[in-house]
Amino acid sequence: MRNPLWRRIPKELKGELGKYMVIFLFMVITTGMVSGFMVAGESMKKTYDNTFDKYNVEDGHFDLSDEASDNMKDNIEDEGVKLYDMSYYELPMSKIGSDSDGNSGNVEGNAETKDDTVNFVNDAADDGGRTLRIFAPRHDVNKMCLMDGEFPVGTDEIAIDRMYAVNNDIEIGDDIKAGDKVYSVCGFVALSDYSTMFQNNNDTMFDATIFGIAVVSNEEFDDLPEKNKTWSYSWMYDDGMPDEENDEKKLADDLLETVYTQAVMNGIMVENYIPRYQNQAINFAGDDIGSDTNMMKWFEYIVIVILAFIFAVTISNTLTKEASVIGTLRASGYTKGELLIHYISLPVIVTFMASVVGNVLGYSVFKDMGAQLYYGSYSLTKYVTYWNADAFVLTTVIPLIIMIVVNLLVVNSKLKLSPLRFLRHDLSRSKRKKAVKLPHWKFMTRFKTRVILQNIPGYVVMLLGIYFAQVLLMFGLMLNPMLKHYQNDILDNMVADHQYVLDSQVETANNNAETYCMKTLRTTGDIDDEIMVYGIHSDSKYFPVKLDDGDVLVSDSYADKYEIVDGDKLELKESYTDDTYDLKVTGSVVYPAALAVFVTEGDFREIFDKDEDYFTGYFSNDKLTDIEDHVVSEITKDDMIKVSRQLTKSMGGMFYIVVVFSLVMFMLLVYLLTKLIVEKNTVSISMVKILGYDTKEISKLYLSSTTVMVAVVTLLDILLSYLSIKVIYRAMLIDMLSGWMPIYMAPWIFPLMFVLSFTCYLVISLLQMKRIKKIPMDEALKNVE
């Protein structure tokens, strides 16, 4: 015989449509986001991992000051590697001007077009300069992936990196100028060894707006001016890449000795030596994609905990409302098992449907959103969507299990009561029958206090739910102003407008220039960071603090990240040898741009055994034109703020998504919990209506109590969120970012969070006032106990 209880499910769904719609939407959004981002992340990660074999990514590369002879290459290859010529040219790039309709102007031939050239001006950039690193086509190692268009064929065609094109508003068919020549953009490419646009491997952050890669035809590559050429050679191990990084490091160290020896014997310099495990352009994206997936998992775990609380409160409220029905059914012969299955069925069905819809959206809409976030940050090859079992378990199986378990525990606990107690609406297990005695306050104050005391479980859930929403809201609101503050802080505390690194110790005629010494070391602990050690004039006109012999000052960013205090000892090591250096910290200095140590020039030369007249480069507020042929690199304002500029570019849109999602989550939680409070007090509200109170007065009695609690809970959660964010931010960034960006919370964020949250609550309270208005007066008469 068909169970007649099944007929009640559609009626119950219709009667509780608002509640279940909120739960449904909440789960669809969270399931869709987590599923989509996990699917996108794992698909991107698998695609990234597969690129090493599919595109034959190098095991490492080194740059030389001149071309390696055949004999030199043969001697290096005797060490069990095969070398490939990956030389490149670096040329300044500009886009040919657009006409008034926004279409690219057509430039004939290779004529100079300075008047028609657009200098891209970035908010953070000083001069808006752009650089292209141009390669010949690759077919053996570090292969190319054509993202759109075609590979270059003629001498006037060029294929550029897809993300670089997007960041600089370049379309296929546009004309760009690289060096002194104009090219037509024929396609967008991704190079497998440049998934991240690091111009220099020791940069704190890449910048895909001012630096990009490009490919020209072999014929055009051979005609480029040799003065801009860097002789670069990639290697592949004959026996393949070792599985363990320690073995890879040993092989790389052994090869390094051979490369240096051969370079010295041939009278050339090794300008760069980068094994794959140290190559940020290759590894950074893969490490970041994996960490993002872990963050989404933690996000879902927290959401699941909130759902468990919500399910417990909602099912308990449902049983309270249905007490008379349950008592009647139990007295009519229905078993506890039948009622147990009936009352957990609807929540489970809603959860299952929400999981299905959420996963469908995850594999379609949200997956593409997640993929676009990665493509907006990294130059990844084309990816394939992979089925993600972890995402399915996390977003479907676990929520279903939690829903079933929580409902089973709550429903089973209630059904242990006798049918008579259900008929009497006596569902409390507490032996205390007396209400909490309140002081002799005014009637309205006492009444509102009673409402609060009766709904403490709901407010506890509200506290937890709003707390999580506030953490997300604070995170979304803080990042943009934090990046701007970090950027301004760097610019305000630059040592000089121009910092030159030279290939030899040449003199400049500029009397305002000041020499300095610099060396890059690495930390020796669990975290591998590059530390810049500077030797500064003791009476420097650029450095903000006077240095005395024996002083060892660390930058405030270094001190903050490693929690260094005066008197601590630093142990730093060389990058390619086992040499270590011990330094005792005597103080700190404001220098947020890098993890750095500052000593006097004399101490620097003594520590690193340098000649008395040794120096690395110049500090200058003027541009030095007489030493240009000896400049290895020039650090300007533009270089200093790469981190903040790239993070704003790649993640700026994500910040707003987080803010919107947190506000939606806040509204859903508050709506659900205020609805439960109104439903729990339906009989009382009906009674006061009989006594002559109108809707506005009743709303003051019930909703004003909730309003006070929402205000208190929101303020408390904002404080808790700030304390939590400080811990989360440090734990998240300490391994993720090379360098350091101190946390900064703009003062206006706290009042804005409260205003946004409370505005959302006021919208919800208006909806609940309509619900109160619809409660009939006969409700009290139908439920006389």
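Which residue just after α18 takes a positive phi? Gly-692 does, with a phi of about 105°.

## Overview

This is a predicted model. The protein has 785 residues, and buried residues make up 52% of them. Its secondary structure comes to 21 helices and 22 strands. The C-alpha trace spans about 100 × 60 × 60 Å along its principal axes.

Among contacts with a separation of 6 or more, 83% join residues 24 or more positions apart.

## Helix α18

Helix α18 covers residues 682-690, and its buried residues are Thr-682, Ile-685, Ser-686, Val-688 and Lys-689. Seen down the axis of α18, these buried residues fall within an arc of 165°, so they line one face of the helix. Gly-692, with its positive phi, comes just after α18.

## Nonpolar cores

In soluble globular proteins, nonpolar side chains tend to be buried together. In this model, the largest nonpolar core has 150 residues. The residues with the most contacts inside this core are Tyr-534, Tyr-558, Tyr-591, Val-597, Phe-598 and Met-665. Helix α13, residues 456-492, gives the most to the core, with 17 residues.

What is Tyr-534 in contact with, leaving aside its neighbours within four places in sequence? The list has Gln-499, Tyr-516, Cys-517, Met-518, Tyr-591, Ala-596, Val-597, Phe-598, Val-599, Phe-604 and Phe-619. Among these, Tyr-591, Val-597 and Phe-598 are also named with Tyr-534 as residues with the most contacts inside the largest core.

## Cavities

Rolling a probe the size of a water molecule over the atoms shows where empty space is left. The count comes to 5 cavities of 30 Å³ or more. The largest cavity has a volume of about 80 Å³. Its lining consists of Met-44, Thr-47, Tyr-48, Thr-51, Leu-191, Ser-192, Ser-195, Ser-379, Leu-380 and Thr-381. Helix α2, residues 17-54, gives the most to this lining, with 4 residues. By type, the lining of the largest cavity divides into 4 nonpolar residues, 6 polar and no charged.

The second largest cavity holds about 50 Å³ of space. Lys-19, Tyr-20, Ile-23, Phe-311, Thr-314, Ile-315, Thr-318, Pro-347, Met-403 and Asn-407 line the second largest cavity. At least two lining residues come from each of α2, α7 (280-321) and α10 (389-415). The largest share, 4 residues, is that of α7. The lining of the second largest cavity divides into 6 nonpolar residues, 3 polar and 1 charged.

## Two asparagines with positive phi

Asn-56 is a residue other than glycine with a positive phi, near 50°. It lies in the loop between α2 and β1 (60-64). Asn-142 also has a positive phi near 50°, and is found in the loop between β5 (130-135) and β6 (144-149).

Is each of these residues buried or partly exposed? Asn-56 has 23% relative accessibility and therefore counts as partly exposed. Asn-142, at 0% relative accessibility, counts as buried. The cut-off behind both assignments is 20%, since buried means under 20% relative accessible area.

Notes. Residues are numbered from 1 along each chain as its sequence is written. This is a predicted model: local features need pLDDT of at least 70, side-chain atom pairs count only at pLDDT 80 or more; totals for chains, interfaces and linings use all residues. Side-chain values use heavy atoms; hydrogens and water are left out. On a 1 Å grid over the protein atoms alone, a cavity is a set of points where a 1.4 Å probe fits but cannot get out, and a pocket is an open set with protein on both sides within 12 Å along at least five of seven lines; lining residues have an atom within 4 Å of a point. Grid points are joined across faces, edges and corners, and a volume is the space filled by probe spheres set on the points. Ala, Val, Leu, Ile, Met, Phe, Trp, Tyr, Cys and Pro count as nonpolar, Asp, Glu, Lys and Arg as charged, and the others, Gly among them, as polar. Buried means under 20% relative accessible area, exposed over 50%, partly exposed in between (1.4 Å probe, protein chains only). The arc is that of the directions from the helix axis to the C-beta atoms. A nonpolar core is a set of buried Ala, Val, Leu, Ile, Met, Phe, Trp, Tyr and Cys residues joined through side-chain atoms within 4.5 Å. Contact means heavy atoms within 4.5 Å.
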